[in-house]
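Here's a quick briefing to read alongside the model.

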Amino acid sequence: MTSTGWHRWIAGAVLAVLVGLTAFPFYWGIVASLTPEAALFREPSLWPTHIILDHYRALFDERDFWIPIRNSIVVAGTTTLLCLAVGSLAAYALARLEFRGKTGILSLILAVTMFPQISIVSPLYLLLRALRLIDTYPGLILPYLTFAMPLAVWLLVGFFRQLPFDLEEAALVDGASRWQSFTRVILPVSVPALATTAILTFIYCWNEFLFALSFTLGPERQTVPVAIALFRGQYQVPWGQILAAAVVATVPVAAMVLLAQRRIVQGLTAGAVKG
Amino acid sequence: MTRSTSTRSTSTRSTSTEDPRIGWVYVAPAVAIVLLIALFPLAWTLWESLHQHDLRMPWLGRPFVGLANYAEILRDARFWGALGHTAFFAITSIALELVLGLFLALALNETFRGRGLVRAAVLVPWAIPTVVAALLWRFMFDSQAGIANAMLVRIGVLDQPIVWFIRAATAWVPVILADVWKTTPFVALLLLAGLQNIDRTLYEAAATDGAGPWWQLRHITLPLLAPAMLVVLIFRTLDAFRVFDLIYVLTGGGPGTSTEPISIYAFNAMLQNLEFGYGAALSVVIFLVTFTLAVLYIKGLGADVGGRR
């Protein structure tokens, strides 16, 4: 469409409205997390009148919210590292080597990214119980690999395919092995792609709920989403603390998204639109 | 898969001398993980679904019952209810997301100043934990003195504040809104990628011939955007059919079981009631529904959309 003046005006107005609507729930959650509990449902006012940090203090002092944060960082971090190590090697072979069964493997991996988590919850539960891994870190990391690994492979295959062939040719002609070419040529130029993949994998793990709910038993190993969802007060819903926790859980992902938004969009749309 | 033809012709040049097994060695760990912790459990679920397995009554053992669990599912009113809720949720939220996402994508495609900022702003809801999104919306609709009631009364939509979560009809409102809020950005980004693939000269030619923006939208943008919209449709349908976190936190499936989707029903059957056999059969049904949709995607679209580029 030709970008005439009124076009831009309409587009700008639509965007302003949509961005406003998008931002409001965040704004309201943040305001509420800074409002005394007693004032939360009394005559809602759009502007905070009396700002307090009590909910945040209670979150860490009384509820030990650093425990779920620690758990989430350990589980999401370990899963991400494993996915990068195993996934980048597989993605390199799938993107740049020729071998029989390659298409089959790619389809298999894509198929796994699509299947519903609920369909493997019960066997994983029985399996982890038999291995005594319920309520442990490995008991979350292993199940997380089921969705994170295919995602990492899928994203990295997309990135590795875009690298020109000549990049490796010189090294290979000089007698470098595939392994050397992978570690010394491909990986160094793929740092941005690896970072994007790491960020997306980490976000998926950080946000995961069903497995974390199913395979943990108590606060000691619960991740952030489970801890927040199961927040209970003695007499009523402790909204102030819940929203403070929600803000804390959102900050890391929001920061990552804002830092790497261009690359994230590329990674996501490459996987989806280019098939 | 897009560029496989070009990489194949170039990479075989130097790989002809090397051991073809090396590719398998490199993918082996990844394939082993997929087989061991995704496909093997899936097969186990299938096997489990043919048994009566109740962890509350271990003395009953785990007798093989054939398709009895599936026969029970067909007679189970709660299952059909849950399937209906899932379909309702999928259709309503996806319809809204496609329409709003299209507006957002068209607007993003038009503007240049501040596009990065806006793109980042709309990405944040997509990236946050679904649990957090559900809680934000639960809070806005919670209590008769909540902000949703206050605003709706102020603008005259409601005469007086209502309790949203005690009736199914009203409990769906925050559920659908929360999903639309969280997912529309993702839809818009996929559609924006589709928009940016459309050849600009088509619009210039149309404009030269005197075609207005409405004509251009209907005869150029929408037809050429159809493949991207179809991809979005399938992706979102798959997601919507496995919806769990959002409804678990927002309504818990309630009031009663009136907003319960099939994944929450299966979860409760397994991990609340410990009926692993029956729960496994429910999960197989969910898997079959999503698998059918995924096959539609790969068969119907994979080649088509990939081949265009």
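In this predicted model, 94 residues of chain B are in contact with 89 residues of chain A. Sorted by class, the chain B side comes out at 64 nonpolar, 21 polar and nine charged residues.

**Between the chains: H3(A) on H2(B)**

- Helix H3 of chain A (residues 66-96) packs against helix H2 of chain B (residues 21-48), at an angle of about 130° and with 8 Å between the axes.
- Since angles over 145 degrees would count as roughly antiparallel and 65 to 115 as roughly perpendicular, that angle makes H3(A) oblique to H2(B).
- As for handedness, H3(A) and H2(B) cross in a left-handed way.
- From H3(A), the residues involved are A:Val86, A:Gly87, A:Leu89, A:Ala90, A:Tyr92, A:Ala93 and A:Leu94. Across from them in H2(B) sit B:Gly23, B:Tyr26, B:Val27, B:Pro29, B:Ala30 and B:Ile33.
- Tally up the contact of H3(A) with H2(B) and you get eleven nonpolar residues, two polar ones and no charged ones.

**Inside chain B: H5(B) on H8(B)**

- Helix H5 (residues 115-127) and helix H8 (residues 168-196), both of chain B, pack at an angle of about 125°, and their axes are 7 Å apart.
- That angle makes H5(B) oblique to H8(B).
- The crossing of H5(B) with H8(B) is left-handed.
- H5(B) brings B:Val122, B:Leu123, B:Pro125 and B:Trp126 to the contact. H8(B) answers with B:Trp181, B:Lys182, B:Thr183, B:Pro185, B:Phe186 and B:Ala188.
- The class count for the contact of H5(B) with H8(B) is eight nonpolar, one polar and one charged.

**One residue to look at: B:Trp44**

- You'll find B:Trp44 in helix H2 of chain B.
- Being buried would take 20 or more, and being exposed 12 or fewer.
- In sequence, B:Trp44 and B:Ala280 are 236 residues apart, yet their C-alpha atoms are 8.9 Å apart in space.

**Chain A as a whole**

- Chain A has twelve helices and zero strands. Walking along the sequence, the pattern reads α-α-α-α-α-α-α-α-α-α-α-α.
- Along the principal axes, the C-alpha atoms of chain A fill a box of roughly 75 × 65 × 30 Å.
- Of the 275 residues in chain A, 50% are buried.
- Take the contacts in chain A between residues at least 6 apart in sequence: 76% of them join residues at least 24 apart.

Note on methods:
Residues numbered from 1 in each chain as written. Chains lettered and ligands numbered in written order. Predicted model: local features only at pLDDT ≥ 70, side-chain atom pairs only at ≥ 80, totals over all residues. Axes fitted to C-alpha atoms, helices over the stretch in contact; angles between N-to-C directions. Helix = DSSP H or I, 4+ residues; strand = E, 2+ residues; numbered from the N terminus. Parallel < 35°, antiparallel > 145°, perpendicular 65-115°, else oblique. Left-handed = near helix turned anticlockwise from the far one by under 90°. Contact = placed C-beta atoms within 7 Å. Nonpolar A, V, L, I, M, F, W, Y, C, P; charged D, E, K, R; others polar. Buried ≥ 20, exposed ≤ 12 C-beta atoms within 10 Å, placed from the backbone.
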